[in-house]
Amino acid sequence: MDVVVVESPAKAKTINKYLGSNFKVLASYGHVRDLLAKDGAVDPDHEFAMSWEVGEKARRQIDELRKALKGADRLILATDPDREGEAISWHVREVLSEKGALKGMDVKRVVFHEITKGAVTDAMAHPRDIDMALVDAYLARRALDYLVGFNLSPVLWRKLPGAKSAGRVQSVALRLICERESEIEAFRSEEYWTVDTDFTTPSGEPFTARLTHLDGRKLDRMDIGTEAAAKAAVAAIQSHAYRIASIDRKSVRRNPWPPFTTSTLQQEASRKLRLGTSRTMQLAQRLYEGVEIGGETVGLITYMRTDSVTLSQDATHASRALIEKDFGARYLPEKPRIYKTKAKNAQEAHEAIRPTDLFRRPQQVRAYLDDDQFRLYELIWKRTIASQMESAVVDQVAIDLAAPDNTVTLRANGSVIAFDGFLKLYREDIDDESEGSGENGDRRLPAMKEGETPALTAVKPEQHFTQPPPRFTEASLVKNLEELGIGRPSTYASIVRLLQDRGYVRLEKRRFMPEDSGRLVTSFLTGFFRRYVEYDFTAGMEEKLDEISAGRVDWKSVLRDFWLDFSKAVDGTKEVSFSQVVDMLDSHLGAHFFPADGGDAEIARRCPSCGAGRLNIKVGKFGAFIGCSGYPECRYTRQLGLEGAGDAESGDSAAENAALPRVLGVDPESGLEVSLRKGPYGVYAQLGEAEAPPPVAEGEKPKGRGRKKSTAPKPKRASLPRGMLPSSVDLDRALALLALPRDVGKNPNTGETISAGIGRFGPYLKHGISYVSLKGEDDVLTIGLNRAMELVEDAATKRPPGREVGPHPKDGKPITAGKGRFGPYVRHGKIFASLPRGMEMDAVTLEQAVDLIAARAARAGNGKEPKGKAAKSATAPRKASAKKTSTKKTAAKKTAAKKPATKKKPAGEIAPAGKTAKRAANG
């Protein structure tokens, strides 16, 4: 028997079916080990020796592999077909070898780019050794990222308190976003005018032309810069009659786009489907690993991490056959289209992302996919088929109309799609209007001849203003990174996610906005480590890593060259003072924090408190802030950010708050008003109005805080989850929030319903009595059953395994023992009981378990199973009973009454408590 190792359990199950009983396929669950998460895991003084550790979860997988290898003939490593997959195979082999599980055993590596029976069996017939050049490239990348992170981040913490971390590639991506924001802030809009005219042909057909030449000179966009100039141009146009001076006709062929690579898939999914990069990769992973169709798990697309645009011969022939069958011979080019990858050192052995079976049309698999999976599969299918279709033909015509003295020329442009070709199936979207492709349909002009004299019917001047460069979307950021040669297909999604997780940027209306913390970090790095956040330097390092993967450069020599200069730069910052940091930040970001808006910059910096001091950026123990130069006489300070601004992510901006409460509409079911409000814990949606408390009768003594308690039911409320902007919430979204929790669907494996809701700690999924937090791109309002099952199953594999203690003597239902966040417990139905200190879950007996459960049930309420709030898991801390608490309070009151009054502290002096006291004691 052969043991096969893949990365995910879903893939393992499918491949085991393909290979049969002579193979045992197990999952590694990704990487089985990683660098030690502490300083010194990469040692430059000892040839960059690397110290690895095996995680708890991975240790269980390794143990399972060791058991399976006993008596096995061969170990086959079948992880993903990229550099990361090669590294995982190497790690598995190294760990098993260290544990003595591979003595005398043949170890081979196989790769397949799609999970189909044919591809898997063909890969098994062509095993090879692990490609050490790819492993070396992985080691070099991992060591570089570690050395930058573990040496640069502490410098940030010391010199710029409050900063979180820096990274080799993430910091460069952050610089892109911050510099774009600086360009937008520095941009000054300029006025310009265009002049359009309406004409009718001698036969009475209308058309439009634009002024292109005035006074015999070709106009640039900014040449008509004022209303006065525009009026002068209108007068010049109206003073002439016009004839058709020239007609220029030409046909333009537009070729289809190549099949998807990782980056182009992320870009198009962002533009067309409004999916984030992480969500796109999650969906693509699911389509690659397969879905169940007709009782068999089928991989629907090829491997989704690739920079290649090539298609296999089989895929090319299949697409051509489908085009001829579905669209006709006219849409089939004479020869197959062959695409070449522009990316440097692209892995041409890989294929582009395509359907595994091109005749598996989207509608045929619709019933087996959730909405997002279907939309992504349809996008991939259309792009692949369109890439092999005939070119589109566009007939373009340009007609010039001239005044008799040629002082004024007007141009009418038109285009007609003569043959739609690939456009019949697929059109690529754009990020910004400035990138328009001119393929948005027909702009027909009426038939005209040279020398004809159409009649001028109207002249229409229009005012415009230049626009700043647009902020990056996820799609345009990925495109920019790829064009600069920064990062690789497998890294784009993690770069975008990491910047948001660190709080350096936020997405607002699907555009990246840098937070002040991100701008501070970028300014610090460009000021003191400029070389290492330069675009060319980072791209050059990526090229060196590619050279290593091709076997042309030694990985340790690349690390040596990098470390020699980088370590000197890190050491050089030890002499940098806080005043130097402040001066640098002030020079870089002064215009951002103190915008003059065309006025006097010094007035913008004048202290609003004392009126004499100058506001500056300062650095304190807890981070940067704005303070007055008149300190200590003037103690004015404010948090970083523009005055009146706040945390847009949690809806705390002054503009947002000023608009709250805001009525969104009426609930069609209840007829109650739905509104958005601001409370002490953030923004929330509310259904209906809270009744005012009943008034206190004259002469009646008020209770509590002076008001009677209302008996009316409280209106239903739902908090906005983190990251949801109040401005993005309309009536439908508010009603969806108020309807939570909602049933996502039944888990077919367990029969239990999975529900989604928002709790104290944010959005979650509930499956039975288990909860899973929702993070990243997973939306509590839209998450589907397939994705929910994936998260639930993944969380289940991370939980420590429990054991069955035995049947309960009363009802025969099983009692199980497990381990939660706060220690071991036993469970019977919905009752959880913590084990006494010192008792392990493996040692508890059935008799002990029954007693513990009975005691827990009695505390919950008269021997009944706890319900509602009483049904708590073992992860919840125990609370003292109400009786004991009240006794303690009474005792405390008596003690306080006996104590003599203590001397009051001076106003403003606060006694340190808890951690604050310890911090104060330690200086």
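Which residues of α3 are buried? I started my notebook with that question. In α3, the buried ones are R83, G85, E86, A87, I88, S89, W90, H91, V92, V95 and L96. I call a residue buried under 20% relative accessible area, exposed over 50%, and partly exposed in between, with a 1.4 Å probe and protein chains only.

**Ground rules.** I am reading a predicted model, where local features need pLDDT of at least 70, side-chain atom pairs count only at pLDDT 80 or more, and totals for chains, interfaces and linings use all residues. Residues are numbered from 1 along each chain as its sequence is written, and side-chain values use heavy atoms, leaving out hydrogens and water.

**Helix α3.** I take helices (H or I, at least four residues) and strands (E, at least two) as DSSP runs, numbered from the N terminus. Helix α3 covers residues 83-98, 16 residues in total. I looked up its reach from first C-alpha to last and found 23 Å, close to the 22 Å expected at 1.5 Å a residue. That expected span is 1.5 Å times one less than the number of residues. After α3 comes G100, with a positive phi near 70°.

I looked for cis peptide bonds next. One runs from Y631 to P632, with omega near 10°, and P632 sits in the loop between β21 (623-628) and β22 (637-638). Another joins L740 and P741, with omega about -5°; the loop between α21 (731-738) and β27 (742-746) holds P741.

I also noted positive phi values in residues other than glycine. Y29 has phi near 55° and lies in the loop between β2 (23-27) and β3 (33-35). Is Y29 buried, partly exposed or exposed? I found 26% relative accessibility, so Y29 counts as partly exposed. R274 has phi near 60°, in the loop between α8 (262-273) and α9 (277-289). R274 counts as exposed, because its relative accessibility is 58%.

**Aromatic rings.** I pair rings of Phe, Tyr and Trp (its six-membered ring) if their centres lie within 6.5 Å; planes under 30 degrees apart are stacked, over 60 edge-to-face, and the rest tilted. By this rule I get 19 aromatic pairs. One of them is Y146 with F150: the centres are 4.3 Å apart and the planes at 20°, so I log the pair as stacked. Both residues belong to helix α5 (residues 132-159), four residues apart, which means about one helical turn separates them. Y146 is buried at 4% relative accessible area, whereas F150 is partly exposed at 31%.

Then I checked F327 and Y331, whose centres are 6.3 Å apart with planes at 50°, so this pair is tilted. Y331 is buried, with a relative accessible area of 10%. I also found a cluster in which ring pairs link Y532, F537, F562, W563 and F566.

**Charges over rings.** My rule asks for NZ of Lys or CZ of Arg within 6 Å of the ring centre and within 35 degrees of the ring normal. R221 lies over the face of Y192, 4.9 Å from the ring centre. K272 has its charged end over the ring of Y426, 5.1 Å from the centre.

**Cysteines.** How many disulfides does the whole structure hold? I found zero, taking a disulfide as a pair of cysteine sulfur atoms within 2.5 Å. For C628, the closest cysteine sulfur is in C607 at 3.7 Å, so it is too far for a bond. C628 is buried, at 2% relative accessibility. C634 is in no disulfide either, with the sulfur of C607 nearest at 3.7 Å. I have C634 down as buried too, at 7% relative accessible area.
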